[in-house]
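Take a moment to look over the model before reading on, and keep it in view as each paragraph points to another part.

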Amino acid sequence: MARIVIVAFAAVGGLGSLGTAFYLYDEPRQLFLQLGMAVTFFTIVLISDIWTLSEENRPLKVRSPWAFYIIFLLTGGFFVLAWVPMIMRSVNQLEQRQSFSVPAFIWGYCVGMGSGLLFLLAGLLELPWLVAPTFFTTWAILLGGIYLIIRLFRHVDRLSGPNSQRLGATTIVLLTVPFYLSLPVLQQRLNRVFSDLAQSVTT
């Protein structure tokens, strides 16, 4: 059933993107452009959500930080919807408690991107009453995402032990903006925790 839903949404998203190519330069039909972007975005959200759900009960494993980062860049940043939940679930498993809510992150990201699309739409259609709320909502979600990454670093640092070298919040923010270089660094630190845990089990 999940595959049928994914194929259906992907088909709609593909048609939306194809239609966008035909109507891109037609000023009165900019709304169609935005709808195509929105449908394509929610298609990626759905696929990412199903992917992360399939990872929920899998054992902890080391993941390639730079391979994931390349995928992140190739998908225009949308891979963050799969990558960050994987890190969150790994931290939850290591701490044996629900420190982070994956559904809250996914839908918070959806709200942020949807608000961003509405902000662009407000500018294209000259709707000044819509600019301010969508602008501030988008920035609030963005800052919330940066705060989440800082929290993930802090939890991974605690799991690494008292002797691990820690990054300051300012450094994490500078690594995050604008290319999210903090994510491969965070994955490397998490991989180190996995390795240390595996060594302690074997010894």
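Two residues are in contact when they have heavy atoms within 4.5 Å. Among contacts in the protein chain between residues at least 6 apart in sequence, 66% join residues at least 24 apart. This is a predicted model, in which local features need pLDDT of at least 70 and side-chain atom pairs count only at pLDDT 80 or more, while totals for chains, interfaces and linings use all residues. Residues are numbered from 1 along each chain as its sequence is written, and side-chain values use heavy atoms, with hydrogens and water left out.

The protein chain has eight helices and zero strands, where helices (H or I, at least four residues) and strands (E, at least two) are DSSP runs numbered from the N terminus. Of its 203 residues, 37% count as buried, a word that stands here for under 20% relative accessible area, computed with a 1.4 Å probe and the protein chains only.

Where is empty space left? Rolling a probe the size of a water molecule over the atoms shows this. A pocket is an open set of points, on a 1 Å grid over the protein atoms alone, where a 1.4 Å probe fits and protein lies on both sides within 12 Å along at least five of seven lines; its lining residues have an atom within 4 Å of a point. The largest pocket has a volume of about 900 Å³, the volume being the space filled by probe spheres set on the points, which are joined across faces, edges and corners. Of the 38 residues that line this largest pocket, the closest to its centre are Tyr-109, Met-113, Ile-141, Leu-142 and Tyr-180. Helix H6 gives the largest share of the lining, 12 residues.

Rings of Phe, Tyr and Trp (its six-membered ring) pair if their centres lie within 6.5 Å, and planes under 30 degrees apart count as stacked, over 60 as edge-to-face and the rest as tilted. By this rule there are six aromatic pairs. Trp-83 counts as buried because its relative accessibility is 0%. The rings of Tyr-69 and Phe-72 have their centres 5.7 Å apart and their planes at 20°, so that pair is stacked. Both of these residues, Tyr-69 and Phe-72, lie in helix H3, three residues apart, about one turn of the helix. Finally, ring pairs link Trp-66, Tyr-69, Phe-72 and Tyr-180 into a cluster.

Notes. Buried means under 20% relative accessible area, exposed over 50%, partly exposed in between (1.4 Å probe, protein chains only).
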